[in-house]
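Here is a short briefing on one protein chain. Look over the sequence and the structure first, then read the points below.

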Amino acid sequence: MSATTTAYLARPGRPAVVARTLGELAGPTRGVVELPVRLMWSSERAFDLADPDDLLWMYENVLRETSRVEDLRELIDGGTLRRVWPLLNLPRGVRLAWESRHRGLRTA
């Protein structure tokens, strides 16, 4: 019998990328962050982290679009992620991938 693994998808054809630990997520917690084009194709890629809507929109885009754990480490803060997790509008595959690895997010 062969073992199969279910990959959680951020969208069709793109696996969700999840950090091994929340502690490794050391992104900024204040200021303005400009996302690279690979994560945000719009010309408006700057997010003011003091604005709650900007913060949520940035986190949603990074978590949905990244294909590299380095993006998570550089752009997402573990404590902030835990705080805003229930408010994030994420694809089902992204939410399931993160909650299966970090069970504490389920109750955040």
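**Confidence in the model**

This is a predicted model. The average pLDDT of the protein is 92, and 94% of the residues score at least 70.

- Over residues 1–5, pLDDT stays under 50.
- For residues 1–5 the model has zero contacts beyond four places in sequence.

**Overall build**

- The protein has four helices and four strands.
- Read from the N terminus, the order of these elements is β-β-β-β-α-α-α-α.
- The radius of gyration is 14 Å, close to the 13 Å that the globule rule gives for 108 residues, so the protein is as compact as a globular protein of that length.
- The C-alpha trace spans about 50 × 30 × 20 Å along its principal axes.
- Among contacts with a separation of 6 or more, 58% are made by residues 24 or more positions apart.

**Burial, surface and charge**

- Of the 108 residues in the protein, 44% count as buried.
- The protein exposes about 6,400 Å², and carbon and sulfur atoms supply 50% of that area.
- There are 16 positive and 14 negative charges in the protein.
- The mean position of the positive charges and that of the negative charges are 9 Å apart.

**Helix α4**

- Helix α4 covers residues 92–101.
- Its buried residues are Gly-93, Val-94, Arg-95, Ala-97, Trp-98 and Glu-99.

**Gly-31**

- Gly-31 lies in a loop, between strand β2 (14–15) and strand β3 (32–34).
- Is Gly-31 buried, exposed or partly exposed? Its relative accessible area is 36%, so Gly-31 is partly exposed, as the value falls between the 20% limit for buried and the 50% limit for exposed.
- Which residues does Gly-31 touch, leaving aside its neighbours within four places in sequence? Gly-31 is in contact with Phe-47, Asp-48 and Leu-49.
- Gly-31 and Leu-96 are 65 residues apart in sequence. In space, their C-alpha atoms are 30 Å apart.

How values were computed: Residues are numbered from 1 along each chain as its sequence is written. This is a predicted model: local features need pLDDT of at least 70, side-chain atom pairs count only at pLDDT 80 or more; totals for chains, interfaces and linings use all residues. Side-chain values use heavy atoms; hydrogens and water are left out. Helices (H or I, at least four residues) and strands (E, at least two) are DSSP runs, numbered from the N terminus. Buried means under 20% relative accessible area, exposed over 50%, partly exposed in between (1.4 Å probe, protein chains only). Contact means heavy atoms within 4.5 Å. The radius of gyration is taken over C-alpha atoms; the globule rule is 2.2 Å times the number of residues to the power 0.38. Accessible areas come from the Shrake-Rupley method with a 1.4 Å probe; for residues, only the protein chains shown count as cover. Lys and Arg count as positive and Asp and Glu as negative; His and the chain ends are not counted. The place of a charge is taken as NZ of Lys, CZ of Arg, CG of Asp or CD of Glu. pLDDT is the predictor's confidence in each residue, from 0 to 100.
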